[in-house]
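Here's a quick tour of a protein chain for you to follow along with. Keep the structure open and look up each residue as it comes up.

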Amino acid sequence: CLRDVVALAENPGDLAGLVKDRFVDEVENELDLRPIGRATQARRNAMGKMPLAGGIDLVEPVWTVPGFHTQDGPAHLYNAHILVESLSPGSPFKAVYEVRWAPLPNRVGHLTLMALVATFPPWAADRAMLTLTLVGLATSIGWLRWRVQGWRGMSRAAPWATLLAMNVAWLWGFSSFLIGSCLFALTLGAWWSARDRFGPRAAATLTALLVVGYFCHLVSLGLTAVGLIMLALATPGPNRMRRIGWTVAALSVLAPLAVVYRTLAGPGQPLRPTWNLLAGPPSLANWGAHLTWVDPLTLARKTLVPFLGFRPGWAALIVPAAWFVLALMVLALATFRQGRLGRDGAIARRGWLAAALVLLAGGLVGPDSLGPAHGEFLPQRVALLGLIALTPVLDFGGPGRLNRLAGGLLIVALGLQSAFVWDYAVRSSRLAAEFLQARQHVGQRERVGTLLLDLRGPYRANPLLHMDCLLGLGNGNILWSNYEAAHYYFPVHVRQDVPHPPELEFERISILDDPADADVRARRWEALLARHQGEIDRLVIWGDDPHLDAITARWFTPLAREGRVRVLRNTR
């Protein structure tokens with residue numbers, strides 16, 4: 001895999017041939033369409049013993065496409081840079097930002113990226129984090145499957161694990177949640193390993209994993225607790241009550257953690273579950289839109305064909321999630337037909353089925369968020385962990401045609417998902433090359449505001465949304481659109497005595513790109529500048545809007561333009 005990365009970096013034109021050869025070989029092997037040669041069989045055996053191989057192979061666009069950025073990745077990178085700079089007494093950020101190292105969730109992701117930023121250049125640190133979350137989650141899922149069912153069928157479980165790791169949350173840049181998802185798999189796997197000999201040592205191990213999971217992400221921690229409860233209640237075997245008792249003892253650590261969380265989060269952060277698409281009267285249209293939105297795997301609009309643009313007539317045939325669902329149905333049928341019972345068979349794994357069904361149901365009918373102060377995109381996270389919990393239930397290792405068919409379908413789904421990631425990477429690189437030309441005109445140690453007038457794209461993740469944060473790396477610039485500073489669970493915050501625009505208002509105005517919202521957008525932009533223009537030294541604007549440009553011209557004058565991006569300076 002590493003040799004492939006080097007070869008592609010030296011000659012990107014070899015990509016098509018490499019993908020074609022691997023794709024055709026693997027599909028033919030899985031579907032048993034031709035005899036398997038000795039070299040191919042050896043490769044498949046090697047993959048069966050190394051489920052992370054697929055994850056390593058599929059990070060090629062991360063490292064070979066220079067402008068690959070996730071949606072939230074630039075903001076995480078900027079705040080990690082601020083955290084590293086906060087250790088220096090001469091930091092230009094200290095006059096504006098303060099760091100609050102309260103014991104709250106989301107700390108592991110920031111500490112990890114902070115260590116990477118302190119060690120590597122920013123671009124390499126960002127890509128290392130992307131690689132860590134992708135390969136780490138794929139490996140954790142593969143390890144979980146191995147702990148429950150062993151190595152048998154791992155060559156088919158590997159593309160399943162890699163496909164789950166290459167999810168939309170990864171492109172959204174939810175690094176702390178993804179690390180917490182790794183802990184979800186590891187914690188449940190540790191419980192399974194100790195199920196027949198539960199005692200103080202196993203409970204202490206679970207307690208330690210839960211504490212680390214708390215500092216990763218609150219959602220993954222809560223779902224880990226749900227998974228442990230379902231496993232303890234539904235898994236048969238000897239010493240069942242002893243196992244349940246020690247599981248409850250391990251989970252008791254959540255009580256003091258909940259007290260710490262509520263104390264530090266403050267009374268101003270109530271939990272307010274909200275439903276958007278299901279808020280109105282129930283209808284098939286609403287449910288269809290909701291189920292499409294909950295989908296944790298689909299990366300782009302379902303009418304998009306990678307590298308070819310929109311093809312509504314046949315694009316639905318290459319939706320990776322559709323091939324994944326087909327593979328899931330075939331695997332479920334194969335598992336049911338084989339009906340392997342015994343101590344490690346289907347009955348022994350019914351706890352996993354119970355956990356998976358509860359989590360999947362929660363993703364389908366649960367709230368879209370727990371309130372605006374606690375983040376968004378809750379159903380996708382719950383559904384993803386439900387699919388991870390389903391991994392030990394399915395029997396990937398059966399010898400029948402159904403299992404070979406499922407393996408082929410998974411490889412097709414993974415190949416298509418990889419194509420979408422490559423297409424996203426190319427589009428992101430083009431946007432970055434144009435947008436980041438503003439960096440040379442913004443200057444150093446300036447206070448910067450941004451307005452994005454043309455945000456819509458074909459992907460659910462938008463690399464442009466927080467790309468402005470890259471304008472603050474290595475030059476001391478303050479990006480007022482730094483959304484992390486507005487949330488209590490992130491460590492970087494604007495000092496209370498520093499006058500500044502509301503951090504979230506720049507993004508809220510930018511996403512009002514529907515023509516019906518034009519008047520609202522103009523009023524909010526005018527109000528923002530009228531009140532806070534004195535706190536903004538530079539404005540970076542992407543796109544053009546004559547109405548908004550007329551408002552901006554009252555306080556700012558053009559400084560430079562590069563394509564669709566403009567830099568304006570304050571006229572005071």
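Start at isoleucine 511, which sits in the loop between α22 (505-510) and α23 (518-532). Keep in mind that this is a predicted model.

**Isoleucine 511**
- Is isoleucine 511 buried, exposed or partly exposed? Its relative accessibility is 46%, so isoleucine 511 counts as partly exposed, since that value falls between the 20% and 50% cut-offs.
- Setting aside neighbours within four places in sequence, isoleucine 511 is in contact with Leu455 and Leu465.
- Leucine 453 is 58 residues away from isoleucine 511 in sequence, yet their C-alpha atoms are 8.0 Å apart in space.

**How confident is the prediction?**
- Mean pLDDT for the protein is 86, and 86% of the residues reach 70 or more.
- Over residues 1-56, pLDDT stays under 50, although the model has 67 contacts there beyond four places in sequence.

**The largest nonpolar core**
- This core has 166 residues, and Tyr97, Trp170, Ile388 and Trp525 touch the most other members.
- Helix α20 (residues 401-435) supplies the largest share of the core, 15 residues.
- In soluble globular proteins, nonpolar side chains tend to be buried together.
- Leaving out residues up to four places away in sequence, tyrosine 97 touches several others, including Tyr78, Ile82, Ile478 and Val494.

**Helix α20**
- Most of α20 is covered, with 26 of its 35 residues buried.

**Helix α6**
- α6 (residues 73-85) has 13 residues and reaches 18 Å from first C-alpha to last, close to the 18 Å expected at 1.5 Å a residue.
- This helix is mostly covered too: 11 of the 13 residues in α6 are buried, among them Gly73, Pro74, Tyr78 and Ile82.
- What covers the buried residues of α6? The cover includes β1 (97-99), α7 (107-119), α8 (122-149), α11 (175-193), β5 (478-479) and β6 (492-494).

**Cysteines**
- Searching the whole structure turns up zero disulfides.
- Cysteine 182, for one, is in no disulfide, and the nearest cysteine sulfur, on cysteine 216, is 8.4 Å away.
- Cysteine 182 is buried because its relative accessible area is 10%, which is under the 20% cut-off.
- Cysteine 469 also counts as buried, because its relative accessibility is 0%.

Notes
Residues numbered from 1 in each chain as written. Predicted model: local features only at pLDDT ≥ 70, side-chain atom pairs only at ≥ 80, totals over all residues. Heavy atoms only, no water. Helix = DSSP H or I, 4+ residues; strand = E, 2+ residues; numbered from the N terminus. Buried < 20%, exposed > 50% of the residue type's maximum accessible area, 1.4 Å probe, protein only. Contact = heavy atoms within 4.5 Å. Core = buried A, V, L, I, M, F, W, Y, C linked by side-chain atoms within 4.5 Å. pLDDT = per-residue confidence, 0-100. Expected span 1.5 Å × (residues − 1). Disulfide = S-S within 2.5 Å.
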